[in-house]
Amino acid sequence: MKKNHTSTAWLTWGIMLVGANLRLPITMIPPLLPTIKQTLGLPASMAGMLTTIPLLMFALASPLIAKMGNRRGNEWSLLVALVILLAGSLLRIISSLTALIAGTLLIGFGISGGNVLLPAIIKDQFPHAIGAKTSLYTVTMGLIASLGTGLAGLLNQQFNMQITLAAFSLVGVFGLLVWALAFRTLPKKAARQDVQRKNIAVSRSMLAWWIALFFGLQSFLYYSLLTWLPSLWQATGFSQIAAGNLATIFQLSGMPATLSIPFIAEKRHGLLYSVWGIMLGFVLGALGILIPGASFGLNVVYALLMGVASGAAFAICIVFFQKKTADAYETASLSGFAQSVGYLFAAVGPVLYGFIQTATGSWDLLLWLTVGLTLLMFVAGLIINANHRIFPSKANR
């Protein structure tokens, strides 16, 4: 049954507002950490866990959400995830360390719902506009996340931590309300006949493992570089403000790539060119920072190169989920599997980079490690591009 115009409009707004909630609850926390530590007595050793907890929840919850989506429907399962996400956001407003940790756990589960299910929903609901709808939610996700980082500290200074957390939770309220309205406008689907496809063992596919490796490596690099690049730039002689500006450029420069990659992927050899571009961006950026005495202007270029590569790497993972699967069932299953493996790997990244730097006293080693991991990701990307789908034939299912 075809969707009417009202349903299409609500779904489009819902996809955008769900995307707005997929990084904001995490990126708004770092500027609030000094206040959180002072107000709630959060130990310094626990501060980093407020970022790590959601990543671990992504790893644990992603396969569960994929199964729930295939059994109960992706749209309904996303609605449940958004309720949990909002509950976690509201729980964090309470001035209590226990409420903060519990709310962060719920937020991690809720965000996993959007991470896993949105690519499948887009493939199912908008088969002829996959690139446009994917760009819509990935760009909104990056833009709102960046604004959240900048506005959280400002709101905290003007008001207080509770008001700041409450203000940002409104984004979750809007996301839930709009998605609930979109869900109500969807036509009733016929009962599913293919019971066996409710449990799709994507782990049996070698291509699915390559996609999981690619996703894990890009997540590992993004979160590790986001955590340590400011310290690295300060160690090379830049001021705290200059290092922070370079880190902001790294984060924001990925947005044009997340917008364009889904469209580039539709072109002939678009995926292959994208894989090459991602490799060159990370490698040239990291090698550039290794050059001693480079000016601020050159480091802006290096930050742009790595930022664009990072944004493109995330976007191409979403494209892999959609293009390397036959239908929305497989998309949700592959998305859940790859994100479970990938985010578990990514959670280790910032800690491992910090351990290596502390143990060796070398920032250069981290950049060479970045180059090495990028080349491994490049090989995985070439292999993924050379294969058509995770299950080439029904006989392999």
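Biologist: Leaving aside neighbours within four places in sequence, which residues is Leu 40 in contact with?

Modeller: This is a predicted model. A contact here means heavy atoms within 4.5 Å. By that test, Leu 40 meets Thr 35, Ser 95, Ser 96, Leu 97, Leu 100 and Met 161, once neighbours within four places are set aside. Leu 40 itself lies in helix α3, which covers residues 33-40.

Biologist: Is Leu 40 buried or exposed?

Modeller: Burial is read from relative accessible area, and anything under 20% is called buried. Leu 40 has 15% relative accessibility, so it counts as buried.

Biologist: How far is Leu 40 from Leu 170 in space, C-alpha to C-alpha?

Modeller: The two are 23 Å apart in space, and 130 residues apart in sequence.

Biologist: Now take a glycine. Where is Gly 88 found, and is it buried or exposed?

Modeller: Gly 88 is part of helix α6, residues 74-91. It counts as buried because its relative accessibility is 0%. Outside the four places on either side in sequence, its contacts are Gly 103, Leu 106 and Ile 107. As for Ser 340, 252 residues along the chain from Gly 88, the C-alpha atoms of the two are separated by 21 Å.

Biologist: What should I look at around Thr 374?

Modeller: Begin with its place: Thr 374 lies in helix α16, residues 364-386. Its relative accessible area is 0%, so this residue is buried too. Then look for a polar partner. A polar atom of the Thr 374 side chain lies 2.7 Å from the backbone oxygen of Thr 370. Finally, not counting residues up to four places away in sequence, Thr 374 touches Leu 221, Met 279, Phe 282 and Val 283.

Biologist: On to helix pairs. At what angle do the axes of α1 and α9 cross?

Modeller: The axes of α1 (residues 5-20) and α9 (residues 161-185) cross at roughly 150 degrees and come within 8 Å. Angles over 145 degrees are classed as roughly antiparallel, so α1 is roughly antiparallel to α9. The crossing is left-handed.

Biologist: Which residues of α1 and α9 make the contact?

Modeller: On the α1 side they include Trp 10, Leu 11, Trp 13 and Gly 14, and on the α9 side Phe 174, Gly 175, Val 178 and Trp 179 are among them. By residue type, this contact has 13 nonpolar and five polar members, and no charged ones.

Biologist: How do α8 and α14 pack?

Modeller: Helix α8 (residues 130-158) packs against helix α14 (residues 296-323) at about 145 degrees, and the axes are 11 Å apart. Their crossing is right-handed. From α8 come Ile 130, Thr 134, Tyr 137, Thr 138 and Met 141, which meet Phe 314, Ile 318 and Gln 322 of α14. Of these residues five are nonpolar, three are polar and none is charged.

Biologist: And what angle do α7 and α14 make?

Modeller: For α7 (residues 97-125) and α14 the axes cross at roughly 50 degrees, coming within 10 Å. The two helices are therefore oblique to each other. This crossing is right-handed. Pro 119, Ile 122 and Lys 123 of α7 make the contact with Ile 318, Phe 321 and Gln 322 of α14. That set divides into four nonpolar residues, one polar and one charged.

Methods: Residues are numbered from 1 along each chain as its sequence is written. This is a predicted model: local features need pLDDT of at least 70, side-chain atom pairs count only at pLDDT 80 or more; totals for chains, interfaces and linings use all residues. Side-chain values use heavy atoms; hydrogens and water are left out. Axes are lines fitted to C-alpha atoms, for helices over the stretch in contact, and angles run from 0 to 180 degrees between N-to-C directions. Helices (H or I, at least four residues) and strands (E, at least two) are DSSP runs, numbered from the N terminus. Angles under 35 degrees count as roughly parallel, over 145 as roughly antiparallel, 65 to 115 as roughly perpendicular and the rest as oblique. A crossing is left-handed if the near helix is turned anticlockwise from the far one by less than a right angle, and right-handed if clockwise. Ala, Val, Leu, Ile, Met, Phe, Trp, Tyr, Cys and Pro count as nonpolar, Asp, Glu, Lys and Arg as charged, and the others, Gly among them, as polar. Buried means under 20% relative accessible area, exposed over 50%, partly exposed in between (1.4 Å probe, protein chains only). A polar contact is a pair of N or O atoms within 3.5 Å; within protein, one must be able to donate a hydrogen and the other to accept it, and residues adjacent in sequence count only if both atoms are side-chain atoms.
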